[in-house]
Amino acid sequence: MNTKICALTLGLAGLAFGGGASANVVTLTPVDGNIYQQTVQSPCIFSNPSCTNGGFASTALPTGGSVNGYDAFSPIYSGQTLLNIIGAGNALLIGLDINQASGQPAQTLTAFYMLLNNSIVDTFSTTATNNVPAGNNGNGYADYLLGNFSSFSATDTVQFHFVFNNANDGTENLFVIGAPGSTVPEPATLALLGLGLLGAYFVRRRS
């Protein structure tokens with residue numbers, strides 16, 4: 001009976017947010033290995049203070065395992081802002097970095113929605129619990145990818161809604177997966193590039 005009530009509640013929530021329109025189903029896929037790291041590839045949309053965004057707006061979540069769940073909305077982004085990150089022609093993917101305390105059960109991603117121009121178009125929702133066990137060790141690596149989002153244009157507005165339960169450790173991070181080459185080079189990389197160009201300049205002057 002409780003399962004049916006929960007399912008009905010989530011269904012009514014979807015109707016309330018989306019105006020009754022049918023929504024696309026968001027996929028949740030485990031990531032095998034340390035492939036996507038927030039600090040290397042892309043900005044957070046939901047984060048703790050350790051998530052360095054370079055000016056990209058995000059929603060801060062409580063830190064230090066002081067709460068057992070989140071129900072939060074992201075900032076509202078322009079479609080152009082997100083397209084600049086994922087690259088033209090690429091699908092939107094969002095990495096979910098799980099922080100699970102040692103010896104504790106898996107945590108629960110209850111729901112995730114994408115709102116396009118203030119209406120829900122994409123949903124992930126479940127009555128299952130403990131469905132997102134941590135898989136990849138290391139700082140800021142995605143354990144899961146959220147995908148199958150609807151396409152959007154540069155002039156659209158995009159927002160995300162994140163519902164998470166059974167939290168038992170530090171804050172989870174969710175971040176946009178940037179296209180290859182769309183990230184800002186590390187300072188050391190820029191310094192090496194600058195030295196290389198300077199050396200080439202002097203070699204050319206001597207010749």
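Student: What is the relative accessible area of N117?

Tutor: N117 has a relative accessible area of 38%, so this residue counts as partly exposed. The label sits between buried (under 20%) and exposed (over 50%), using a 1.4 Å probe and protein chains only. Before we go on, this is a predicted model, in which local features need pLDDT of at least 70 and side-chain atom pairs count only at pLDDT 80 or more, while totals for chains, interfaces and linings use all residues. Residues are numbered from 1 along each chain as its sequence is written, and side-chain values use heavy atoms, with hydrogens and water left out.

Student: Where is N117, and what is its phi?

Tutor: Most residues other than glycine have a negative phi. N117, in the loop between β8 and β9, has a positive one, near 55°. N148 also has a positive phi, of about 65°, although it is not a glycine. N148 lies in the loop between β10 and β11 and is partly exposed, at 44% relative accessibility.

Student: How do I read the sheet, and in which order do its strands run?

Tutor: Strands are DSSP runs of E of at least two residues, and helices are runs of H or I of at least four, both numbered from the N terminus. Two strands pair if DSSP finds at least two bridges between them. Here, 6 strands form an open sheet with mixed pairing, in the order β2-β10-β7-β12-β3-β4. The edges are β2 (27-30) and β4 (59-60), each of which pairs on one side only.

Student: Which strands does β7 pair with, and in what sense?

Tutor: β7 pairs antiparallel with β10 over 3 bridges and antiparallel with β12 over 4 bridges. To find these on screen, look for G95 opposite L145 in β10, and L96 opposite L174 in β12.

Student: Are the faces of β7 buried or exposed?

Tutor: In a regular strand the side chains alternate between the two faces of the sheet. In β7, I94 and L96 are on one side, G95 and D97 are on the other, and all four are buried.

Student: How many residues are in the largest nonpolar core?

Tutor: A nonpolar core is a set of buried Ala, Val, Leu, Ile, Met, Phe, Trp, Tyr and Cys residues joined through side-chain atoms within 4.5 Å. The largest one has 32 residues, and I45, F112 and F160 have the most contacts inside it. Among the elements that each supply at least two of its residues are β3 (44-47), α3 (79-86), β8 (108-116) and β11 (157-165). A second, separate core has 7 residues, including V31, C51, L145 and I177.

Student: What does F160 touch?

Tutor: Contact means heavy atoms within 4.5 Å. Leaving aside neighbours within four places in sequence, the contacts of F160 include I45, F73, Y77, L82, I94 and F112.

Student: Which residues does V67 touch?

Tutor: Not counting residues up to four places away in sequence, V67 touches P62 and A167. V67 is in the loop between β4 and β5 and is partly exposed, at 29% relative accessible area. V67 and G170 are 103 residues apart in sequence, but 9.4 Å apart C-alpha to C-alpha.

Student: And is I120 buried or exposed?

Tutor: I120 is buried, because its relative accessibility is 4%. You will find I120 in strand β9 (residues 119-125). I120 and H161 are 41 residues apart in sequence and 9.4 Å apart in space, C-alpha to C-alpha.
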